[in-house]
Amino acid sequence: MEKQLQVGVISSTHGIRGEVKVFPTTDDAERFKQLKKVYMDTGKEQMPLEIEDVKFFKKFAILKFKGIDNINDIEKYRGKSLLVDREDAVELGENEYYIADMLGLEVYTEDGNFFGNLKDVMETGANDVYIIAAKEYGEVLVPAIRECILDVDVERNRMVIHLMEGLVS
């Protein structure tokens with residue numbers, strides 16, 4: 001399991017005082033208000049940053065980091081991921097999972113046959129859609145609904161699905 005989870009991506013600067021627009025990759029953007037620190041993945045290191053101020057504009061969180069007071073100090077980090085330690089992540093409810101923990105799960109059909117691996121999760125308005133790389137069918141899109149997803153066990157790296165009619169041809 002990942003030790004850190006992504007909560008956002010710096011999309012651009014905001015103003016000239018070192019603020020950044022962050023596209024949230026978490027279900028609840030309001031969580032930025034409770035965060036005290038994040039780590040910016042620069043590609044070479046994970047730079048700890050203390051959050052000084054949080055505002056919201058449309059779908060973005062506007063963050064101000066302590067010690068970064070100039071647009072020139074932050075501009076080079078456009079496109080970089082913001083991470084939190086797992087212990088600082090939002091607590092999950094029953095039958096909820098972090099996407100990072102699910103990627104790569106081995107997917108089996110309800111009759112026990114290996115089907116493929118979970119490649120990605122597409123978040124839609126109604127429900128998530130699991131993108132499964134199936135050897136026999138290529139990419140298969142399976143809605144994350146009770147009728148299709150029978151069991152998820154991240155500890156055993158396993159998911160069991162029911163293939164509804166029409167999902168594969």
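Q: Why is the pairing of lysine 55 with glutamate 19 called a salt bridge?
A: The closest N and O atoms of lysine 55 and glutamate 19 are 3.1 Å apart. A salt bridge is a side-chain nitrogen of Lys or Arg within 4 Å of a carboxyl oxygen of Asp or Glu, so the pair qualifies. The pair links distant parts of the chain, 36 residues apart: lysine 55 lies in strand 4 (residues 46–57) and glutamate 19 in strand 2 (residues 19–24). Strands (E, at least two residues) and helices (H or I, at least four) are DSSP runs numbered from the N terminus. The model is predicted: local features need pLDDT of at least 70, side-chain atom pairs count only at pLDDT 80 or more, and totals for chains, interfaces and linings use all residues. Residues are numbered from 1 along each chain as its sequence is written, and side-chain values use heavy atoms, with hydrogens and water left out.

Q: What makes glutamate 19 buried or exposed?
A: Glutamate 19 has a relative accessible area of 14%. Buried means under 20%, exposed over 50% and partly exposed in between (1.4 Å probe, protein chains only), so glutamate 19 is buried.

Q: How is arginine 156 classed, and on what relative accessible area?
A: Arginine 156 has a relative accessible area of 55% and is therefore exposed. It forms a salt bridge with aspartate 153, the closest N and O atoms being 3.8 Å apart. Elsewhere, salt bridges that share partners join Glu52, Lys64 and Asp69 into one network. The structure holds eight salt bridges.

Q: Why does aspartate 85 have no salt bridge?
A: Lysine 37, the nearest side chain of opposite charge, is 4.5 Å away. Lys and Arg count as positive and Asp and Glu as negative, while His and the chain ends are not counted.

Q: What joins the side chains of aspartate 85 and glutamine 4?
A: A polar contact of 3.2 Å joins them. The term requires a pair of N or O atoms within 3.5 Å; within protein, one must be able to donate a hydrogen and the other to accept it, and residues adjacent in sequence count only if both atoms are side-chain atoms. Aspartate 85 is found in strand 6 (residues 81–85).

Q: How do you know that strand 3 and strand 6 pair?
A: Three bridges join strand 3 (residues 37–41) to strand 6, running antiparallel. Two strands pair if DSSP finds at least two bridges between them, so this case qualifies. Methionine 40 stands opposite leucine 82 in strand 6. Both strands belong to a closed barrel of six strands, in the order 1-2-5-4-3-6, with antiparallel pairing.

Q: In which sense does strand 12 run relative to strand 7 and to strand 11?
A: Strand 7 (residues 106–109) and strand 12 (residues 158–161) run parallel, joined by four bridges. Strand 11 (residues 149–153) pairs with strand 12 in the antiparallel sense, also over four bridges. Strands 11 and 12 form a hairpin with four residues between them, and asparagine 157 in the turn has a positive phi of about 60°.
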